[in-house]
Amino acid sequence: MGRRGQEFRRTGRRRLSNVFWFTLCGLLILLFIVLLTRDTTSSSRSVLDKKSYRQDRILEGLNITDEMLSADSVTRKLSDQIALAKAFVVIAKESNNLQFAWELSAQIRNSQVLLSNAALRRVPLTNSESEVAIRDMALLLYQAQQLHYDSATMIMRMKAKIQGLEEQKNSVSEKSSKYGQIAAEEVPKSLYCLGVRLTTEWFKNSNIQKRLKEKIQVATRLRDNSMYHFCVFSDNILATSVVVNSTALNSKNPEKVVFHLVTDEVNYAAMKAWFSMNSFRGVTVDVQKIEEFRWLNASYVPVLKQLQDSETRSYYFSGNNDGGKTPIKFRNPKYLSMLNHLRFYIPEVFPSLDKIVFLDDDVVVQKDLSPLFSIDLKGNVNGAVETCMETFHRYHKYLNYSHPLIRSHFDPDACGWAFGMNVFDLVQWKKKNVTGIYHYWQEKNVDRTLWKLGTLPPGLLTFYGLTEPLAPAWHVLGLGYTNVDSQLIENGAVLHYNGNSKPWLKIGMEKYKPLWDKYIGYDHPLLQQCNVH
């Protein structure tokens, strides 16, 4: 036979070489698969081991035994019955079915005793031991279902209960508001006693009247624009005395301070007697009564005109014309008091003055107020501290912006400010006819659709665009209804007890009373006789 060609022999060798490499690669792949399978198996075992360990820990923490995990566990059945029975006990008591609640409670105790005994002897309960207990409890649970103690019924009952509680809460809240308002408006017996005794002193003691006549000789101070003029409109003798005394004691030049007090006929003699009997570091004090202002009549003053309307009188004094829908604070008759509205007639009360500081009777003065008279109001009429640090003190919180007249004239986000300590430029007041602006808005609100409460809303309208902001430290508010930062109080020139909790009332905030009390001489004989403390 002849030999094969060289090329044929080379091809055979190549095929053998390829088979070898393919076999080797296959073996390597198989080895890798085997190793990977072993790792997966070991990791699966570790996961199962961890899961088993975690379950053991849970069972140990919950005090669950293997017997309880059994499908036929007597212990679990009793435990489930006890849990359901406890819920039905609460529902039975809510439904005032006390006998049934007692029966359920007794059966719960029986079942708990069985479970406790089994736990102590470390032997699971048997069917024969628990058969009676399970049957008796099942009968009671069935009876509970027949009494409609099911979830759907109880949800309806609970909703009705919640609604009833909400109505109770609203009723209590309304009563609390009414009683709080009554307490705030009530004159304490001690202050009433003081007024009566002072009035008696005024009419029986000629020396007091003589002293007042001697003081009248300095009447030129009342019209001297180089003096520091303050005005307070109040029927509260003690509160007014604190305003005057605190201003005098903190003034650098008390002899230049003049107080113009306006009260009513009832308190006029008492107010004159008090300020005649007491000295305030040389401060000049003049007392007038509002009845002396003959120009304050219904033909000129919208508030007095509204008082002649029977519907207005019914709204403020009877409260029977809207089914009690309007909160009591909106019905306070003091908002129709001319002493309250006299602040809008200051240039007519004091026609010879150019500038005056208005103070409410529920303030305490802590600093010298003479720098207020040199503040440039930049052509504005009213200098006041703004209160719009929070959104609820902007115009839209005081006025009815659903009314087109309000909506078209005033920015709802305009910054509010406070009455209680205000610097008034009376020259600019007259020039800009501010009282006329007030009359316009008061007449537009005869039906109370522009605003409802007090003198601040008409003040915001009247002095809109005519108010110069003052530094916040001049007037610190909130001592009559909320907590105030101690640093603000320390730095404040005038502290205002705005709110119902006035310092002379029992409902006053105790922590702020000392700031007011220190300006009262409680050792005064009349105060002691009337038990003012």
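Leaving aside neighbours within four places in sequence, Phe259 is in contact (heavy atoms within 4.5 Å) with Phe230, Val232, Val243, Val244, Thr247, Val283, Thr284, Val285, Asp286 and Leu359. The model is predicted, so local features need pLDDT of at least 70 and side-chain atom pairs count only at pLDDT 80 or more, whereas totals for chains, interfaces and linings use all residues. Residues are numbered from 1 along each chain as its sequence is written, and side-chain values use heavy atoms, with hydrogens and water left out.

Phe259 also belongs to the largest nonpolar core, which has 63 residues; Phe230, Phe259, Phe275, Leu359 and Leu372 touch the most other members. A nonpolar core is here a set of buried Ala, Val, Leu, Ile, Met, Phe, Trp, Tyr and Cys residues joined through side-chain atoms within 4.5 Å. Another core, of 44 residues, lies apart from it and includes Ile346, Val434, Leu461 and Leu466.

Buried means under 20% relative accessible area, exposed over 50%, and partly exposed in between, with a 1.4 Å probe and protein chains only. Helices (H or I, at least four residues) and strands (E, at least two) are DSSP runs, numbered from the N terminus. From S1, Tyr228, Phe230 and Val232 point one way, while His229, Cys231 and Phe233 point the other way. Two strands count as paired if DSSP finds at least two bridges between them. S1 pairs with strand S2 (residues 257-263) in the parallel sense over six bridges, and Phe233 stands opposite Val262 in S2. Between S1 and S2 the chain passes through helix H8 (residues 237-249), and this β-α-β crossover is right-handed: with the strands pointing away from the viewer, the path from the first strand over the helix to the second runs clockwise. S1 also pairs in the parallel sense with strand S4 (residues 355-359), over two bridges; there Phe230 stands opposite Val357.

Helix H6 (residues 189-204) has 16 residues, which should span 22 Å at 1.5 Å a residue, and its end C-alpha atoms are 23 Å apart, in agreement. The expected span is 1.5 Å times one less than the number of residues. In H6, Ser190, Leu191, Leu194, Gly195, Leu198, Glu201 and Trp202 are buried. These residues lie on the same side of H6 because they cover an arc of only 140° around the axis, the arc being that of the directions from the helix axis to the C-beta atoms. Lys189, Tyr192, Phe203 and Lys204 are exposed on the other side of H6.

Helix H4 (residues 127-146), with 20 residues, reaches 27 Å from its first C-alpha to its last, close to the expected 28 Å. Its buried residues are Ser130, Ala133, Ile134, Met137, Leu140, Leu141 and Ala144, and their cover includes helix H2 (74-94) and helix H3 (98-121).

The loop between H4 and helix H5 (151-185) contains Leu147. Leu147 is partly exposed, with a relative accessible area of 32%. Leaving aside neighbours within four places in sequence, Leu147 is in contact with Asn97, Phe100 and Arg157. Leu147 and Ala92 are 55 residues apart in sequence, and their C-alpha atoms are 9.2 Å apart in space.
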